[in-house]
Amino acid sequence: MSFLARAALALLVLSSLHVSAKAQTPLPDAIAAPGETIVLTVHAEGAQVYECKAGSDGKLAWAFREPIATLFVDGKTIGRHYAGPNWEHMDGSAVVGKAAGNAPGATSDDIPWLKLQVTASRGNGALTGVTTVQRINTKGGKAEGSCDKAGTFKSVPYSADYVFLKKG
């Protein structure tokens, strides 16, 4: 093999190692789940729904109400995500979570990344045994601007990846 061919091969190998290392960048400590294994990773497309409410200072502001999203694997619908927060798989299994940690999204327009502890589950299927849900790779979803009428709603499009994990 010529020197040029070996150099090109070495560069290709180093490039792939760099991409691989980048893809495996650890999550922020606040949402990491050490010792847990991935059960399922899904992509979500939907909206974060906000309601115009008076804050503690009496001023109207957008308050988070609920998520509404479709869950996808390889471009196929496999479930839904909604208030609770609930994640429901089409096989009938479902989990409910409670926020346990957060980290900022990539931009100021992105909702935070989250770690949620599962507080309830039902059914048997893909989500059986899940103990933690991580919301990562968020895009959009933050309500911007003021609201001027209490009781009005605003839906802000978002996408995210949800990682379902179990202990052990």
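Biologist: Over how many bridges do strand S1 and strand S8 pair?

Modeller: In this predicted model, strand S1 covers residues 36-54 and strand S8 covers residues 153-167.

Biologist: In what order do the eight strands close into a barrel?

Modeller: The pairing around the barrel is antiparallel. From one strand to the next, the twist averages 30°. The barrel closes in the order S1-S2-S3-S4-S5-S6-S7-S8.

Biologist: Which residue takes a positive phi in the hairpin of S1 and S2?

Modeller: S1 and S2 pair in the antiparallel sense, with 12 bridges. Five residues lie between the strands of this hairpin. The residue there with a positive phi, near 85°, is Gly58.

Biologist: Which residue in S6 stands opposite Gly101?

Modeller: Strand S5, residues 94-103, pairs with S6 in the antiparallel sense over nine bridges. Strand S6 itself comprises residues 113-122. Opposite Gly101 stands Lys115.

Biologist: How are the rings of Tyr50 and Phe64 arranged, and what class of pair results?

Modeller: The whole structure holds three aromatic pairs. For Tyr50 and Phe64 the ring centres are 5.8 Å apart and the planes meet at 75°. An angle over 60 degrees counts as edge-to-face. The pair is therefore edge-to-face.

Biologist: How many residues apart in sequence are the parts that Tyr50 and Phe64 tie together?

Modeller: Tyr50 stands opposite Phe64 in S2. Tyr50 is buried, with a relative accessible area of 9%, whereas Phe64 is partly exposed at 47%. Because Tyr50 lies in strand S1 and Phe64 in strand S2, the parts tied together are separated in sequence by 14 residues.

Biologist: What is the N to O distance in the salt bridge of Arg65 and Glu51?

Modeller: Five salt bridges are found in the whole structure. Arg65 is partly exposed at 44% relative accessible area, while Glu51 counts as buried at 15%. Glu51, Arg65 and Glu66 are linked in a network of salt bridges. Between the side chains of Arg65 and Glu51, the N to O distance is 3.2 Å.

Biologist: Which residue forms a salt bridge with Arg122?

Modeller: The closest N and O atoms of this salt bridge are 3.0 Å apart. The pair links distant parts of the chain, 34 residues apart, with Arg122 in strand S6 and its partner in strand S4. Arg122 counts as partly exposed at 38% relative accessibility. The partner is Glu88.

Biologist: Over the ring of which residue does the charged end of Arg80 sit?

Modeller: Arg80 forms a salt bridge with Glu88, the closest N and O atoms being 3.2 Å apart. Arg80 is partly exposed, with a relative accessible area of 43%, and Glu88 counts as partly exposed at 22%. The charged end of Arg80 also sits 4.2 Å from the centre of a ring, and that ring belongs to Tyr82.

Biologist: Is Asp74 buried or exposed?

Modeller: Asp74 has a positive phi of about 50° although it is not a glycine. Most residues other than glycine have a negative phi. Asp74 lies in the loop between strand S2 (60-73) and S3. With a relative accessible area of 76%, Asp74 is exposed.

Biologist: Which strand holds Asn137?

Modeller: Asn137 has a positive phi of about 55° although it is not a glycine. Its relative accessible area is 34%, so Asn137 is partly exposed. The strand that holds Asn137, residues 132-140, is S7.

Biologist: Is the peptide bond from Gly84 to Pro85 cis or trans?

Modeller: Pro85 is placed in the loop between strand S3 (76-82) and strand S4 (86-89). Most peptide bonds are trans. The bond from Gly84 to Pro85 has omega near -10° and is cis.

Note on methods: Residues numbered from 1 in each chain as written. Predicted model: local features only at pLDDT ≥ 70, side-chain atom pairs only at ≥ 80, totals over all residues. Heavy atoms only, no water. Helix = DSSP H or I, 4+ residues; strand = E, 2+ residues; numbered from the N terminus. Buried < 20%, exposed > 50% of the residue type's maximum accessible area, 1.4 Å probe, protein only. Pairing = 2+ DSSP bridges. Salt bridge = Lys/Arg side-chain N within 4 Å of Asp/Glu carboxyl O. Axes fitted to C-alpha atoms, helices over the stretch in contact; angles between N-to-C directions. Phe/Tyr/Trp six-rings, centres within 6.5 Å; stacked < 30°, edge-to-face > 60°. Lys NZ or Arg CZ within 6 Å of the ring centre and 35° of its normal.
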